[in-house]
Amino acid sequence: MEYRAIDNRYEQLGTRRSGRSGLQLPLVSLGLWHNFGDSTRYESIREMILGSFDRGIFHFDLANNYGPPPGSAETNFGRVLRDDLRPYRDELIISTKAGYLMWPGPYGEFGSRKYLMASLDQSLKRMGLEYVDIFYSHRFDPNTPLEETMSALDAAVRQGKAQYAGISSYSAQKTREAARILRELGTPCVIHQPSYSMLNRWIEEDLLDVLDEEGIGCIAFSPLAQGMLTSKYLKGIPEGSRAAQEGTALSRDLISKERLERISSLNEIARERGQSLAQMALSWVLRKPEVTSVLIGASSVQQVVENIAATEQTSFTTEELTRIDKHAVDSDINLWAESSRY
Ligand SMILES: NC(=O)c1ccc[n+]([C@@H]2O[C@H](COP(=O)([O-])OP(=O)(O)OC[C@H]3O[C@@H](n4cnc5c(N)ncnc54)[C@H](OP(=O)(O)O)[C@@H]3O)[C@@H](O)[C@H]2O)c1
């Protein structure tokens, strides 16, 4: 059946500006890392994308390697674009990235200009797009001059293949350097994509200050700690969940008894606030005005609907914050932050 977007789609979810740029994002954005590759039914993929757009999520985040197999999330997203979302292209913010392993040899990963430019061309082809809205360097490359990696982002924008340049998981110091280089090239760095959640707070140390000073926005990935900051694992590991699948970044060992006790306590605080744990986890990230958007993953439209409601209550009392710190901080702190420390 022909898709027509719901007329009041911009009424539910607010937007925030990315730093001091013209880029505005919905408070909740949808990432296609998991559940959008060829191992997921196409109808489910289509439903999640269109169901999100109907509810005000106009930003979809991809990367060259999302799948499985790598590249298939972009291909599937491209199909939804072609069949359903084409009339809405000018409303959409579509991002992609290059940095992780995509093909064999020295030019199949990291930050050389050759890899970034080739990868972007492949991404555009898979999605059937002339340009993406944001092109990211997915990770800092310690062996390539930062000038070279940034020159590729600048070239992508100048060639009309990307509207904006962004970086992901760069440390505060490398972010400052990247921002300076891009500024000198005449293409500002408008957005940074770091991990951030109640269990992973590395960006509070110094990155948020740098982003504020440089006027760069922040889109926080894995705000639900890949599903751990929801009620789903409180009674065991459900079939089909991310932790139940082989080869994901959420291993079963992470769902330890000790961590579950903490998560139960967080769940209780959420209940007292009248929220689900997933909603409180997202509200907690959004309490920071420097955060432009929370970048969630999902395996159903119901999850998206539940998560969007987090935006209705993003303030916390001091007492609530203290109680959250008591249960979320300690051995858990900075889980998954290692990859963000270059
Ligand atoms: N730049 C980078 O290096 C990088 C790295 C990682 C991710 N990302 C981006 O960030 C996006 C989000 O990452 P993420 O998927 O780890 O985010 P997340 O929001 O922390 O976790 C998403 C998972 O949580 C579960 N979930 C979501 N809402 C739920 C709810 N209401 N109730 C119960 N469970 C719920 C689902 O797990 P189930 O599938 O088990 O149902 C879902 O797949 C990615 O798609 C990608 O775009 C970027």
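This is a predicted model: local features need pLDDT of at least 70, side-chain atom pairs count only at pLDDT 80 or more; totals for chains, interfaces and linings use all residues.
Visitor: OK, and which residues of helix α7 are buried?
Guide: Helix α7 covers residues 207-214, and its buried ones are L207, L208, L211 and E214.

Visitor: Why do the buried residues of α7 line one face of the helix?
Guide: Look down the axis of α7: the buried residues fall within an arc of 135 degrees, so they sit along one face.

Visitor: Switching to α2. Which residues are buried there?
Guide: In α2, residues 72-85, you've got S72, A73, E74, N76, F77, G78, V80 and L85.

Visitor: And which elements do those buried residues of α2 pack against?
Guide: They pack against α1 (42-54) and α3 (113-127), along with β4 (59-61) and β5 (93-98).

Visitor: Now the ligand. How many residues surround it?
Guide: There are 30, and the closest are G31, W33, L224, G227 and G297. The elements giving two or more residues to that shell are β10 (291-296) and α10 (301-308).

Visitor: Which one gives the most?
Guide: That's α10, with three residues in the shell around the ligand.

Visitor: How does the shell split by class?
Guide: You'd count 16 polar residues, ten nonpolar and four charged around the ligand.

Notes:
Residues are numbered from 1 along each chain as its sequence is written. A residue is near a molecule or strand if its C-beta atom, placed from the backbone, lies within 6 Å of it. Helices (H or I, at least four residues) and strands (E, at least two) are DSSP runs, numbered from the N terminus. Ala, Val, Leu, Ile, Met, Phe, Trp, Tyr, Cys and Pro count as nonpolar, Asp, Glu, Lys and Arg as charged, and the others, Gly among them, as polar. A residue is buried if 20 or more other C-beta atoms lie within 10 Å of its own, exposed if 12 or fewer, and partly exposed in between; C-beta atoms are placed from the backbone. The arc is that of the directions from the helix axis to the C-beta atoms. Two residues are in contact if their C-beta atoms, placed from the backbone, lie within 7 Å.
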